[in-house]
Amino acid sequence: MHFSKRSRRAALALLGVAAAGLSVVGGPSAAAQDFPADDEIVTSANVSHLVNVPPTGPLSGPSSVGTDLAFSGDHAIVGNYLGFTIYDIKNPKKPTITSQVLCPGAQNDISVSGNLVFLSTDSRRTDDSCNSASQSDPEKYWEGMKIFDISDKANPKYVAAVATDCGSHTHTLVPDKRGKDVYLYVSSYGPSAALAKCKPPHDKITIIKVPIKNPSAAAIVATPVLFPNGGSPGKPGTVETGYVVPTSGCHDITVFPAKNLAAGACMGEGVLMDISDREKPRVFNTVRDDDHFAFWHSATFNNDGTKVVFTDELGGGGAATCNAKIGPTRGANGIYDITGRGDERKLEFRSFFKIDRHQTDEENCVAHNGSLIPVPGKDIMVQAWYMGGVQVFDFTDSRAPKQIGFFERGPAADPNTGGGVWSSYYYNGYIYASDIGKGFDVIEINDPATNVARGHKWTELNVQTQYGYGR
């Protein structure tokens, strides 16, 4: 989502034919499709919804907004605008809450490394504590990264905080090559001349180094400028007519440490970076598509690191973009092959993929966060689409992606529990989803194309830090 400086629900309230030569997966006509009733759950025959855990305790109420997920052993850690929850998922059909941390600060994007949890704050706060309040003063405020120790998962402890320019909308955990430190690549944007700590130009990311054995010593070690020429200038327009958000930083970065490779979704463009030197990431290829992409939002490599799926968050996650009017090539995934070698590697477009079920004009729906399903020899992904639900699709053939299964709810009867699925990730045999308003979902897929993935076991998973699985 890219409404970084306002509440999620305020954003939702404000937003009420393929080109020649493109390979597209489209959908049925709205007239021929029956829409689910309010809050009705519908799935493909190979997908089952196992359980939902609604928002509860201090992380419930009108300000509760479910965000991203990370996994550690038998636990799922789920971000929320109000803090984070650690769920025990040893029995995925009966998840239980191990602990909840009340620590407001949008978006609370989350990652985990061993006993450390990292939490992004992308809203101006009175201070760096978990008791802070929203701060409108453009001069005196705090935003950035927070670090927690979860050695005792029933009692997480706040360890340290690091302020970053323009806050931390998202961050990516990048291990060093010696196993002594981890780096956090902090993505942020939204500069304004009125803000003391977020002035334009903002064509950079912030890199924080965290000593694993001494996380309280975490500190900024670099602020590399990725777009010395200013990046994409953008293009004016609307959701209906088309627009491009100017580049002023990155929204999200995904890394493939073993290949020293990163893919950045950077608002007006997608980039490839060499991260051989963790403190000096270097952009070597950039791609734009001003006719179809409004906001380059996130990136996912395939298992070989030879493809990238970029998402386009048309409408900021608050608009109805999965309808016939918007069509199949906007608010979609763009699938790109990586061709060439070394610095000659390039992103080359192959096809679009969008869910094949139209949503109503009242449902915000757009491509959002997903992960690979570890099927050797195949490129299969599960992905969130806000009110479009969860989609499983195969992009082994980059030019002809195809759907495998889906889960979705009908329009939310209560607007306070609306918004749809923010993130959906595959972990140790199940799909876990963070719904913006409805909490934590566990979903199962039973299909010959994906069942082999049940044999792969992770001990830790941060989706934006990709590690290969067996071929």
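This is a predicted model: local features need pLDDT of at least 70, side-chain atom pairs count only at pLDDT 80 or more; totals for chains, interfaces and linings use all residues.
C103 is buried, with a relative accessibility of 0%; here, buried means under 20% relative accessible area, exposed means over 50%, and partly exposed is in between (1.4 Å probe, protein chains only). Residues are numbered from 1 along each chain as its sequence is written, and side-chain values use heavy atoms, with hydrogens and water left out.

**The disulfides**

What does C103 pair with? C103 forms a disulfide with C130, a disulfide being a pair of cysteine sulfur atoms within 2.5 Å. In general, such a link is a covalent bond between the sulfur atoms of two cysteines. C103 sits in the loop between β7 (96–102) and β8 (107–113), while C130 is in the loop between β9 (116–125) and β10 (142–149), so this pair links distant parts of the chain, 27 residues apart. Strands here are DSSP runs (E, at least two residues), and helices are runs of H or I with at least four, numbered from the N terminus. C130 counts as buried too, at 17% relative accessibility.

The structure holds four disulfides. Three of them, with the distance between their sulfur atoms, are set out here:

| Cysteines | S to S distance |
|---|---|
| C103 and C130 | 2.1 Å |
| C166 and C198 | 1.9 Å |
| C250 and C266 | 2.0 Å |

Now for the handedness of these links. With -80 degrees about the S-S bond, the link of C103 and C130 is left-handed. The link of C166 and C198 is right-handed, with 100 degrees about its S-S bond. C166 lies in the loop between β11 (157–163) and β12 (170–175), and C198 in the loop between β13 (181–187) and β14 (206–211), so the two tie together parts that are 32 residues apart in sequence. Both ends are tucked away: C166 is buried at 0% relative accessibility, and C198 is buried at 1%.

For C250 and C266, the torsion about the S-S bond is about 75 degrees, so this disulfide is right-handed. C250 is in the loop between β15 (219–222) and β16 (252–256), and C266 in the loop between β17 and β18 (270–274), so the pair ties together parts that are 16 residues apart in sequence. C250 and C266 are both buried. If you number the bonded cysteines of the chain in sequence order, the pairing runs 1-2, 3-4, 5-6, 7-8.

**The salt bridges**

Side chains of opposite charge can pair when their charged atoms come close. A salt bridge here is a side-chain nitrogen of Lys or Arg within 4 Å of a carboxyl oxygen of Asp or Glu, and a search of the whole structure finds 14 of them.

One of these joins D165 and K204, at 2.8 Å from N to O. D165 is in the loop between β11 and β12, and K204 in the loop between β13 and β14, so the pair ties together parts 39 residues apart in sequence. D165 is partly exposed, at 34% relative accessibility, whereas K204 is buried, at 17%.

Another salt bridge brings together D181 and K209, at 3.9 Å from N to O. D181 belongs to strand β13 and K209 to strand β14, so they link distant parts of the chain, 28 residues apart. D181 is buried, with a relative accessible area of 8%, but K209 is partly exposed at 25%.

E348 forms a salt bridge with R350, and their closest N and O atoms are 3.4 Å apart. E348 is partly exposed at 33% relative accessibility, while R350 counts as buried at 15%. Elsewhere, salt bridges that share partners join R178, D181 and K209 into one network.

**The nonpolar core**

In soluble globular proteins, nonpolar side chains tend to be buried together. A nonpolar core is a set of buried Ala, Val, Leu, Ile, Met, Phe, Trp, Tyr and Cys residues joined through side-chain atoms within 4.5 Å. Which residues have the most contacts inside the largest one? They are L272, F301, V308, F310 and L347, in a core of 18 residues. Strands β17 (261–265), β19 (282–287), β20 (296–301), β21 (307–312), β22 (333–339) and β23 (346–353) each supply at least two residues of this core.

Leaving out residues up to four places away in sequence, L347 touches residues including L272, V308 and F310, where contact means heavy atoms within 4.5 Å.

**A buried tryptophan**

W385 is found in the loop between β25 (380–384) and β26 (390–394). W385 is buried, with a relative accessible area of 0%. W385 and V421 are 36 residues apart in sequence, and their C-alpha atoms are 6.2 Å apart in space.
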